[in-house]
Amino acid sequence: MLDNELLLKILKKTLSSGGEYADVFVEHRRPTSIQLEDNKIEKIFTGVDSGVGIRLIANGKTYYAFSNDISEKALLELAGSLKALHLASGKSEDKDFTLDLRKQKPNVDYTIKLLPEKIPVDKKIELVRAANKTARDFDKRVRQALVGYRDFVQKVQIATSDGFTAEDERIHTLMVVHIVASDNGIIQTGYEQAGGSIGFELFESVKPEDIALKAVERSLMMLNARRAPGGRMPVVISSEAGGTMIHEAIGHGLEADLAQQGLSVYSKKIGEIVASPLVTVIDDATLPNKRGSFRFDDEGTPSQRTVLVKNGVLIGYMYDRFTAMQNKTSSTGNGRRESYRNRPIPRMTNTFIVPGESRPEDVLKSVTKGIFVKKMGGGQVNTVNGDFVFDVQEGYIIKNGVIGEPVRGATLTGSGPEILKSIDMVASDLGFSIGTCGKDNQGSPVSDAMPTIRIPEMVVGGEA
């Protein structure tokens, strides 16, 4: 981490040719990654990655530079390069100012019980091998098992021309199991993962063997499942499915940069009805141990809980510093970046639909014939028009309000705004899923969640 004297020098030099705002992002990251495939450890990676990114915002433009050389000379030269770029724009002015830095306090704090860096690599390898053994021993139809373990400790320091510094330590631990099973020429996969903003204590509550079993059982179940029926029908999405739909169907569209550029179906719709009155959507980086949680975002803004949609009405967007300046508002603490090599952009953190009042079993009983989605697969959305498509990793037929036989190959297709407006039952449960969200060639750890919901009619892709 850098001392305040050097941070002040960098900020002053960056802004010496004018500009509205500047910041310095310092990162020190220690990752560990273990990958097992074909019953053997294929890769073990540990290391250290450190660097600094410097940003200047001037005349509605962003200038960004980074370096892994954190010497004073190199960083002042880096600041000078931003100054030179701004001078070349022809809209610069000599500027001299005084600036002090005060330390920002977070809104929340987190406690990590078992620091991953204190756990021997051999212990981590044992967990990976245990998951693999469980998967391989369970059934001879398991053809391939890929088990991955990852953790990282990321220390960040942010200094801004607003006159404050912020420091955060983010610790993430993750295990993933991917299974390929085959029988009689049919190949199916199962995937399960667990993790979050948590230390090695993750494995006190979640056993590697249990993660593996879920993935195996899902792949084997799908081997014997019949093809999903296609057409329009009621769909119940379980809270166990996680929040993939809310992440894709509306989450990206509420990131301010897309909304400002007219690349979101929700652009210029503040105050309008965009969902059912049963639907309230929140993005909350303050939740303990969730994968998208932190004390400060990557611009030094304290994490917060942001209401995006309330009772179906669009309340606001997710802002970073730059987009907030464009709309003359405040950042919502959603400025995130993959590393010091990237400029911050508006990103989701932990995004979810607030639980309702219905009982999950009543939501299921209300459907005479339809599809029950227990686990979502991948998805994608066209943010301009809101159209989306999702794979169903684990799904079942609903018959007379009861979960029936499993089906495979189902997809869910629709328009985000239309589907959200049609939701007519929201249960009182809530289930989270985790992932790494990609945008602008950057990945950010996130989680998303939703209660059990009923969509009265939806296009299900499958057999005609």
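This is a predicted model: local features need pLDDT of at least 70, side-chain atom pairs count only at pLDDT 80 or more; totals for chains, interfaces and linings use all residues.
View 1. Two strands count as paired if DSSP finds at least two bridges between them. By that rule E17 (residues 369-381) pairs with strand E18 (residues 387-399): 10 bridges join them, and the two run antiparallel. Lysine 375 stands opposite glutamate 394 in E18. The hairpin of E17 and E18 has 5 residues between the strands. There, glycine 386 takes a positive phi near 85 degrees. E17 also pairs with strand E10 (residues 231-237), this time in the parallel sense, over 3 bridges. Valine 236 faces phenylalanine 372 of E17 across that pairing.

**View 2. The largest nonpolar core.** This core holds 46 residues. Ile237, Met245, Leu254, Val309, Val373 and Leu412 have the most contacts inside it. Strands E10, E12 (305-310), E17, E18 and E24 (453-461) each give two or more residues to this core. In soluble globular proteins, nonpolar side chains tend to be buried together.

**View 3. Isoleucine 237 and its neighbours.** Which residues does isoleucine 237 touch, not counting residues up to four places away in sequence? Met245, Val373 and Leu412 are among them. A second, separate core has 27 residues, including Ile119, Met175, Ile198 and Leu223.

**View 4. The largest pocket.** About 1100 Å³ of space lies in this pocket. Its lining counts 44 residues. Gln193, Lys375, Phe432, Ser433 and Ile434 lie nearest the centre. Lysine 375 is also the residue that stands opposite glutamate 394 in View 1. Strand E22 (431-439) gives the largest share of the lining, 7 residues. At least two residues each come from strand E8 (186-196), helix H4 (202-205), helix H5 (208-224), H6, E17, E18 and strand E23 (442-450). By class, the lining divides into 13 nonpolar, 17 polar and 14 charged residues.

**View 5. The second largest pocket.** The volume here is about 600 Å³. Of the 29 lining residues, Arg29, Phe152, Glu338, Gly443 and Pro445 are the closest to the centre. Strands E1 (21-37), E6 (142-160), E7 (164-183) and E23 each give two or more residues to this lining. The lining has 6 nonpolar, 11 polar and 12 charged residues.

View 6. Is E6 largely enclosed or open? Of its 19 residues, 14 are buried, so E6 is largely enclosed by the rest of the structure. Buried here means under 20% relative accessible area. E1 and E6 run antiparallel, joined by 15 bridges. Glutamate 27 has valine 156 of E6 as its bridge partner. E6 and E7 are antiparallel too, with 18 bridges between them. Glycine 148 is bridged to valine 176 in E7.

**View 7. The turn between E6 and E7.** These two strands form a hairpin with 3 residues between them. Glycine 163 sits in the turn, with a positive phi of about 95 degrees.

Key: Residues are numbered from 1 along each chain as its sequence is written. Side-chain values use heavy atoms; hydrogens and water are left out. Helices (H or I, at least four residues) and strands (E, at least two) are DSSP runs, numbered from the N terminus. A nonpolar core is a set of buried Ala, Val, Leu, Ile, Met, Phe, Trp, Tyr and Cys residues joined through side-chain atoms within 4.5 Å. Buried means under 20% relative accessible area, exposed over 50%, partly exposed in between (1.4 Å probe, protein chains only). Contact means heavy atoms within 4.5 Å. On a 1 Å grid over the protein atoms alone, a cavity is a set of points where a 1.4 Å probe fits but cannot get out, and a pocket is an open set with protein on both sides within 12 Å along at least five of seven lines; lining residues have an atom within 4 Å of a point. Grid points are joined across faces, edges and corners, and a volume is the space filled by probe spheres set on the points. Ala, Val, Leu, Ile, Met, Phe, Trp, Tyr, Cys and Pro count as nonpolar, Asp, Glu, Lys and Arg as charged, and the others, Gly among them, as polar.
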